[in-house]
Amino acid sequence: MTFDYSYLKREVLALTGIDLECYKEKQMKRRIDTLIAKHKIEGYDKYVQGLKADKVLFEEFVNYITINVSEFYRNPEQWQLMDQTVIPELIKRFGRNLKIWSAACSTGDEPYSLVMALSKHLPLSNIKIYATDLDKQVIAKAKVGLYTDKSIVSVPEDLKRKYFTRMGNSFKISDEIKSRVEFKEHNLLKDQYPVDYHMIVCRNVLIYFTEEAKDAVFRRFCRSLAPGGILFIGSTEQIINYKEIGFERKNSFFYQKP
């Protein structure tokens, strides 16, 4: 048997359910090779043996390849647009009990940002965010709710004072915000998508996917939205064929299902 990158992809799919075929190969192979070199392991076959035998090595691998980079209110001008235009329109169209999905939510910065943004328009008791990620370790971190100063730098000052408490060098988000988010494991590339959502937020994740995988995910997001629903994507992304998929473009980062 040849223990090449194709072998690794097959083994990773069997072990984790993560299909590396859907990620840009050059970027992902470089990341994995760097990780293997760090452990001074020679060859993909030896590394796969390690992943099967060593739980710590396995969890480090999953966490590393799922690329978790997040922060609160990332690109504040886009959140300002959401506050001023998108949220009021959604409430007008769908009422006060909005169904919102934060997909590939990483360490929780994004779904917690959504709760705080919505809290300016709705009572907390009306807010419920469904948040998913394929990495159970980052979901565990999200549930703890501890963040660095750098992570929360873009949070509006009034919300920062209201919902964060300093704990040593970290900041803990309040339980009243945490209680409004339901976290679940979910793989965008293979799991069933929820339906009839009023807004889906998935930002700065699909840049690592192949064009084919991106297209498939955007189409599935469109099917997951209720008519009139909004998809909010990241500043590093764009949907070139949005009309073909079935979206209308509200601006560079917000797309609406007619």
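**Strands and their surroundings**

Modeller: Strand S4 and strand S5 (residues 170–173) run antiparallel and are joined by four bridges. This is a predicted model, in which local features need pLDDT of at least 70 and side-chain atom pairs count only at pLDDT 80 or more, while totals for chains, interfaces and linings use all residues. Residues are numbered from 1 along each chain as its sequence is written, and side-chain values use heavy atoms, with hydrogens and water left out. The names S and H stand for DSSP runs numbered from the N terminus: strands (E) have at least two residues and helices (H or I) at least four. Two strands pair if DSSP finds at least two bridges between them.

Another open sheet has seven strands in the order S6-S2-S1-S7-S8-S10-S9, and its pairing is mixed. Strand S6 (181–185) and strand S9 (248–249) are at the edges with a single partner strand each, so one side of each has no neighbour in the sheet.

The parallel part of this sheet can be followed through S7. Strand S1 (residues 100–102) runs parallel to S7, with three bridges between them, and Ser 102 has Val 201 in S7 as its bridge partner. S7 also pairs with S8 in the parallel sense, over five bridges. Buried means under 20% relative accessible area, exposed means over 50%, and partly exposed lies in between (1.4 Å probe, protein chains only). Six of the six residues of S7 are buried, so S7 is largely enclosed by the rest of the structure.

On to the next strand in the order. Three bridges join S8 to strand S10 (residues 254–256), and these two run antiparallel. Leu 231 stands opposite Tyr 255 in S10.

A nonpolar core is a set of buried Ala, Val, Leu, Ile, Met, Phe, Trp, Tyr and Cys residues joined through side-chain atoms within 4.5 Å. The largest such core has 45 residues, and Phe 221 and Leu 231 have the most contacts inside it. Elements that give two or more residues to this core include strand S7 (197–202), helix H10 (211–224) and strand S8 (225–233). H10 gives the most, with five residues. Leaving out residues up to four places away in sequence, Phe 221 touches Trp 101, Ala 103, Leu 188, Tyr 193, Ile 200, Cys 202 and Leu 231, where contact means heavy atoms within 4.5 Å. A second, separate core has 41 residues, among them Ile 91, Leu 98, Leu 114 and Met 116.

Leu 114 and Met 116 are also among the buried residues of H6. In helix H6 (residues 109–119), 11 of its 11 residues are buried, and the helix is mostly covered.

Helix H7 (residues 136–144) lies across strand S2 (129–133) and S6, at about 165° to S6. Axes are lines fitted to C-alpha atoms, for helices over the stretch in contact, and angles run from 0 to 180 degrees between N-to-C directions.

Helices also pack on one another. The axes of helix H3 (residues 44–53) and helix H4 (residues 55–65) come within 5 Å and cross at roughly 110°. That makes H3 roughly perpendicular to H4. Angles of 65 to 115 degrees count as roughly perpendicular, those under 35 as roughly parallel, those over 145 as roughly antiparallel, and the rest as oblique. Where they meet, H3 supplies Tyr 47, Gly 50, Leu 51 and Ala 53, and H4 supplies Lys 55, Leu 57, Phe 58 and Phe 61.

H1 and H3 have axes that come within 10 Å and cross at roughly 10°. These two helices are therefore roughly parallel to each other. Their contact is made by Tyr 5, Tyr 7, Leu 8, Glu 11 and Leu 15 of H1 with Tyr 44, Asp 45, Val 48, Leu 51 and Lys 52 of H3.
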